[in-house]
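Welcome! Here is a short briefing to read alongside the picture. Take a moment to look at the structure, then follow the points below.

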Amino acid sequence: MAESGNGSNGLVNVSGEDLAPISETRLFAPDRPGHPPRILLLYGSLRERSYSRFLALEAQRLLHFYGAETRIFDPSGLPLPDDAGTDHPKVAELRALCAWSEGQVWCSPERHGAMTGIMKSQIDWIPLSLGAIRPTQGKTLALMQVSGGSQSFNALNQMRVLGRWMRMMTIPNQSSVPRAYQEFEEDGRMKPSPLYDRVVDVIEELMKFTLLLRGQSDYLVDRYSERKAARLKGVDTPAVQAEASGAVTPSI
């Protein structure tokens with residue numbers, strides 16, 4: 001343990017009051033949550049034949065196979081960010097679903113070389129913090145995109161940046177489906193192909209990471225800098241504030 005100010009172990013710039021050793025007891029706690037993993041799926045198109053919605057539905061079927069509980073948010077009727085209050089029914093629904101979830105799947109079409117505005121609006125309505133609660137911090141995230149042309153990763157790269165900004169645990173794997181109009185049957189089911197196999201890979205990986213990390217995310221994202229800042233201000237960290245206030249995850 002570093003001692004503040006004396007640098008006896010070479011860490012001359014740290015505060016010994018706030019630097020904490022890694023707790024294997026907390027990392028490998030036996031009392032993991034036993035309920036089905038809760039996964040929220042967002043898609044980025046309002047078209048009647050929406051390939052991002054079709055792909056989200058394929059992901060949902062796989063999640064059910066792996067034992068997850070899922071919700072898919074319908075973005076139809078969601079106002080533009082700041083064009084309505086947070087009490088708007090669609091905004092309130094999205095935020096409650098985000099708080100409910102332990103992991104998420106974001107699936108956007110690529111439009112003009114980027115994710116769609118519909119996808120971005122959903123993400124923009126999710127705040128970084130609500131008082132002591134950070135709605136996305138520590139949750140797992142899987143990313144998928146569909147394209148009308150050749151394979152691209154522009155929307156995926158943008159969403160990966162956003163996932164990091166939202167302090168989410170974004171899994172390494174991802175799925176990009178080019179020429180999506182060729183990959184789905186008339187009934188909206190995805191055809192068997194290596195592209196479908198990659199979707200299975202992504203969902204399998206998301207489930208593994210979610211099962212591994214849930215119940216531990218508060219500890220995993222507990223930060224030295226935030227502990228130090230909170231101590232200097234004479235307040236608790238957000239995680240401690242949430243626990244003290246009895247804040248609970250909404251049931252939906």
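Helix H5 covers residues 154-165, and at 1.5 Å a residue its 12 residues should span 16 Å; the end C-alpha atoms are 17 Å apart, which agrees. Keep in mind that this is a predicted model.

**Helix H5: two sides**
- The buried residues in H5 are Ala-155, Leu-156, Met-159, Leu-162 and Gly-163.
- Looking down the axis of H5, you would find these buried residues within an arc of 125°, so they line one face of the helix.
- Arg-164 and Trp-165 are exposed, and they sit on the face of H5 turned away from its buried side.
- The cover over the buried residues of H5 includes strands E3, E4 (114-115), E5 (140-146) and E6 (169-177), together with helix H4.
- After H5 comes Arg-167, which has a positive phi, near 60°.

**Helix H3: length and packing**
- Helix H3 runs through residues 89-100, and its 12 residues reach 16 Å from the first C-alpha to the last, close to the 16 Å expected at 1.5 Å a residue.
- Lys-90, Val-91, Leu-94, Leu-97, Cys-98 and Trp-100 are the buried residues of H3.
- Those buried residues pack against strands E1 (38-43), E2 (69-73) and E3 (103-111), and against helix H4 (117-125).

**Ser-23: before the helix**
- You can find Ser-23 in the segment before helix H1 (24-27).
- Ser-23 has a relative accessible area of 21%, so it counts as partly exposed; buried would need a value under 20%.
- Ser-23 and Tyr-219 are 196 residues apart along the chain, and their C-alpha atoms are separated by 9.2 Å.

Technical notes
Residues numbered from 1 in each chain as written. Predicted model: local features only at pLDDT ≥ 70, side-chain atom pairs only at ≥ 80, totals over all residues. Heavy atoms only, no water. Helix = DSSP H or I, 4+ residues; strand = E, 2+ residues; numbered from the N terminus. Buried < 20%, exposed > 50% of the residue type's maximum accessible area, 1.4 Å probe, protein only. Expected span 1.5 Å × (residues − 1). Contact = heavy atoms within 4.5 Å. Arc of directions from axis to C-beta.
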